[in-house]
Amino acid sequence: MIDRRAAIGGLAALSLATAAPSLAHVPSRPRSRRKPRRITLGDTVGLVAPASAVSDEEIAFAQHNIRGMGLVPKLGSSVTAIDGYLAGTDRQRASDLEAMFADESVSAIFAIRGGWGGARLLQMLDWDLIRENPKLLIGYSDVTSLHLAIAAKTGFATLHAPNAGSPWPKASWESLWRLAFTGETPVLRTGIELAQGPQGRTIRTGMARGRLLGGNLTVLSTLMGSPYVPDFSGAILFLEDVNEEEYRIDRMLQQLSLAGVLGQLSGVVFGRCRSCANSDPDYAGQTLDDLLTAYLEPLGIPAFTGANIGHHRGQLSLPHGGMVEVDADARTIALLEPIVR
């Protein structure tokens, strides 16, 4: 449960740092005509189910969370639909998403949950309509496909953050507040003090700037070779995943390497990878840390792991598509300009 007043009152406790030193080179990136507008208390926000089917209980919990944020939830017309394991047909789910972008009364859009199915919508969506009606899309996991496609097709930023039906603990809510409600440019600390999980480490020291792009590694790897992958030239890549053994992580990182993505980057942030270790007590293969070192250290760019991003309580809300500066030694992500107007 979110105590909005307590959360707002505790904003000063969010672990934010002062502005980091500037760097000389800022890579160019596509820009949308307009930024999404900031969210204001009392605004109506859309709730959609772009992927897996959702239960009545999940819908009710998502509505409860949104009301706890001081917002008014508006359900997509097809969120209760079921088509096998999906939340309705592809056309229904795409139409719900388009309707929320077109609806002038809706200030932002939250996915209720992830699962699988967002990539099935990409060829159906009216990208001209979405480009002309920039709004913050908020969610993570399978929602990565929509974040990446919006970055590729429109240039405006979205928010890699808990889904509406996920828990919204303090770190998640407060970073959302600073990015989406007040339009600030916070420095987000990604250390273990804000989330459970293994302690992070710096693979390559240094600082880098670029457009923050990425999300779920599995979803990103499945989109490679499609027109819905943004330009990663000079980007800061962030990744997270869940329930993937080491050999699958290896396969997906190799795919990014062969596709030329890793060689274009300015920096890398690897988040949490829950249940991503072989459970066989006799397993003697490469660990996740081994793989990350093998793939990221030779790149010669700032890189760190263990960020509280992804399938863990306390994950930070991140400005997907925003210009950021990362400090691999301090393990911070600093937003350089507001993502909202």
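Helices and strands are here DSSP runs, with at least four residues (H or I) for a helix and at least two (E) for a strand, numbered from the N terminus. On that basis the chain has 9 helices and 14 strands. The model is a predicted one. The chain has 341 residues, and 58% of them count as buried.

**Whole chain**

- Among contacts between residues at least 6 apart in sequence, 82% join residues that are at least 24 apart.
- The accessible surface of the chain is about 13300 Å², and carbon and sulfur atoms account for 49% of it.

**Strand β10 and its partners**

- Strand β10 covers residues 267–274; 7 of its 8 residues are buried, so the strand is largely enclosed by the rest of the structure.
- Strand β9 (residues 236–242) pairs with β10 in the parallel sense, over 6 bridges.
- In this pairing, L237 stands opposite V268 of β10.
- The bridge partner of F270 in β11 is T305.
- A right-handed β-α-β unit is likewise made by β10, helix α9 (residues 288–296) and β11.

**Nonpolar cores**

- The largest nonpolar core has 51 residues, and L125, F232, L256 and L265 have the most contacts inside it.
- Apart from this core lies another of 47 residues, including M69, V79, A161 and I236.
- L265 is in contact with F232, A235, L237 and I301, leaving aside its neighbours within four places in sequence.

**Helix α2**

- Helix α2 has 13 residues, 56–68, and reaches 18 Å from its first C-alpha to its last.
- That span is close to the 18 Å expected at 1.5 Å a residue.
- Which residues of α2 are buried? They are I59, A62, Q63, N65, I66 and G68.
- An α-helix has 3.6 residues a turn, so residues three or four places apart point the same way.
- Just after α2, G70 takes a positive phi of about 85 degrees.

Key. Residues numbered from 1 in each chain as written. Predicted model: local features only at pLDDT ≥ 70, side-chain atom pairs only at ≥ 80, totals over all residues. Heavy atoms only, no water. Expected span 1.5 Å × (residues − 1). Buried < 20%, exposed > 50% of the residue type's maximum accessible area, 1.4 Å probe, protein only. Contact = heavy atoms within 4.5 Å. Areas by Shrake-Rupley, 256 points an atom, 1.4 Å probe, with all protein chains shown as cover. Pairing = 2+ DSSP bridges. Right-handed = clockwise from strand over helix to strand, strands pointing away. Core = buried A, V, L, I, M, F, W, Y, C linked by side-chain atoms within 4.5 Å.
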